[in-house]
Amino acid sequence: MITLSKITKRVGTRTLFEDVTITFNKGHRYAVTGPNGAGKSTLLKIIMGLEESTSGTVALPKKTGYLRQNIHDYKDFSLRQVVIMGNKRLWGAFEERDRLYEVEMTDMVGMRLGTLEEVIAEEDGYMADSDAEKLLSGMGIPEELFDQLMGNVPSDLQFRALICQALFGNPDALMLDEPTNHLDLDSITWLEEFLKDYKGTLIVVSHDRYFLNSVATDIADIDYETIILYPGNYDQMVQTKMDVRERAQQDAKSREKKIAQLQDFIQRFGAGTRSSQATSRKKEVLRLQPQEMKRTNITRPFIMFDEPDRAASLVFKANDLKKAYNDQTVFEKLQFTISRGDKVGVIGANGMGKSTLLKLLAQLIAPSHGSLEVGQNVKIGYFPQEHHDIVDKKEHISMFEWLRARNQSAYDQEIRGSLGKLLFSGDDVFKETYKLSGGETARLILSYLILSKPNVLVLDEPNNHLDLESVSALGDGLEKFTGTVLIASHDRDLIDRVATSIISIEPDGVHFFKGTLEEYFERRSKATR
């Protein structure tokens, strides 16, 4: 159980939440929601004591797992060791025991070693290696990497090891900030099942709508300068919130109508024989005066791609396509065609070549063998997984200047309008690109794509760093886009909304499927029974 008592957090002149008292109960899985900048990660840091609140106190269990982001601090430890570090008491006992075995044995050392062995037994330390292995395997990390140093494995596997660290040792409470960011679909599915079986208190921040709907039993929504608890998953919370807001607005309208009627009476009879009744009406007006509704901090961008110029009916045709780096083959013998209007979801485990395939299609890299035919009048808009591939954070120019340089035929008002739809208003458009957050950079790139008016969109994890409202708006825009879309994402809700066919890159080759992601998974499930 985690209890927040009168917690307030202010950043400068802005209040994130004020005087919040909430209990997060054991056996419940709470998703913390709110737009970028609402204070979701800040809340988790306050609970963990990593950041101070403006006022208030937090009480939490002694054994609390927390997903850390400081990968670099663990570069000289093996993945197995990093996971076991999730139990601080156990890891401290292991470290001290190892040190004592290197010194001269005395009665005092022997007694201390006996105490440490008791601690290790209490913390189930003799099963630590196998418990760590189960977690690492579940995260899709190969056994041969368990004892590799963190600094020697890919960054996405390092992040998975940190998730395992948070889960290790049966903590009484779990705090997970964006745990799905570096996971492939299979690992996300494993994590979902693990968390559903978890018996402690879970608090999770995620922009993955499918994940939240699958895992959450309750929502802690940061809005109106407070934190409101809703029972149910994310979709249920959104519906409840909309209903409450609508009722409040209807109530405000009814009050305004009643006040207008009363004021009309007061005006007509305020100074006559019915003046006492008018006085009574004045008191009624004061009682009915609506309190000012706090503004919601939820803002939804408008993402809509213009009707594109018509491309040829055949957009891409791969002929025996192969890509290798040095002696490492990413994929080979690819044969496929993509037609005008196709919407293709590209899925597969991390490292299997999704980004490489999309870069080939975007003509940013050349194949090692075979050919890729590109149809006539094809204009490609590319969204890179690594934002710095397109937005140089060392370049000290404003967003407006950045867009102007890439869309020289666009009028200033068009550029401002495009940025406005992506929630950059007023002087925000002059914010320099190196100062942008991940979410702001993603919205800038989307603004660029809208202005560019492509007829083929090649999108590599465009939802990374976007909040749930922005991801939903992106899904709306892609659904209505009449051109061709190829999109790689680990967000199943986004892929399932947009894609009408699937390219799945798997260890046994590249598979093509005509149908939605849900239909693809159903077919794969039947095939493995």
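**Surface, strand pairing and aromatic contacts**

The protein exposes about 26500 Å², of which carbon and sulfur atoms supply 47%; accessible areas come from the Shrake-Rupley method with a 1.4 Å probe, and for residues only the protein chains shown count as cover. This is a predicted model, in which local features need pLDDT of at least 70 and side-chain atom pairs count only at pLDDT 80 or more, whereas totals for chains, interfaces and linings use all residues. Residues are numbered from 1 along each chain as its sequence is written, and side-chain values use heavy atoms, with hydrogens and water left out.

Of the 529 residues of the protein, 48% count as buried (under 20% relative accessible area, with exposed over 50% and partly exposed in between; 1.4 Å probe, protein chains only). Along the principal axes, the C-alpha atoms fill a box of roughly 100 × 80 × 50 Å. Among contacts (heavy atoms within 4.5 Å) between residues at least 6 apart in sequence, 68% join residues at least 24 apart.

The protein has 17 helices and 18 strands; these are DSSP runs numbered from the N terminus, helices being H or I of at least four residues and strands E of at least two. Two strands pair if DSSP finds at least two bridges between them. Strand β10 (residues 314–325) takes part in two such pairings. With strand β11 (residues 328–339), β10 runs antiparallel over 8 bridges, and Y325 stands opposite Q328. The hairpin of β10 and β11 has 2 residues between the strands, and N326 there takes a positive phi near 55°. With strand β13 (residues 369–374), β10 pairs in the antiparallel sense over 5 bridges; N319 has S371 as its bridge partner in β13.

A further hairpin is formed by β17 and β18, again with 2 residues between the strands. Here 6 bridges join β17 (residues 501–506) to β18 (residues 509–514) in antiparallel fashion, and S504 stands opposite H511.

Attention now turns to the aromatic side chains. Rings of Phe, Tyr and Trp (its six-membered ring) pair if their centres lie within 6.5 Å; planes under 30 degrees apart count as stacked, over 60 as edge-to-face and the rest as tilted. By this rule there are 9 aromatic pairs. One of them, W402 with Y448, is edge-to-face, at 5.6 Å centre to centre and 75° between the planes. Because W402 lies in helix α12 (residues 399–406) and Y448 in helix α14 (residues 438–452), the pair ties together parts that are 46 residues apart in sequence. Both W402 and Y448 are buried. Elsewhere, ring pairs link F513, Y520 and F521 into a cluster.
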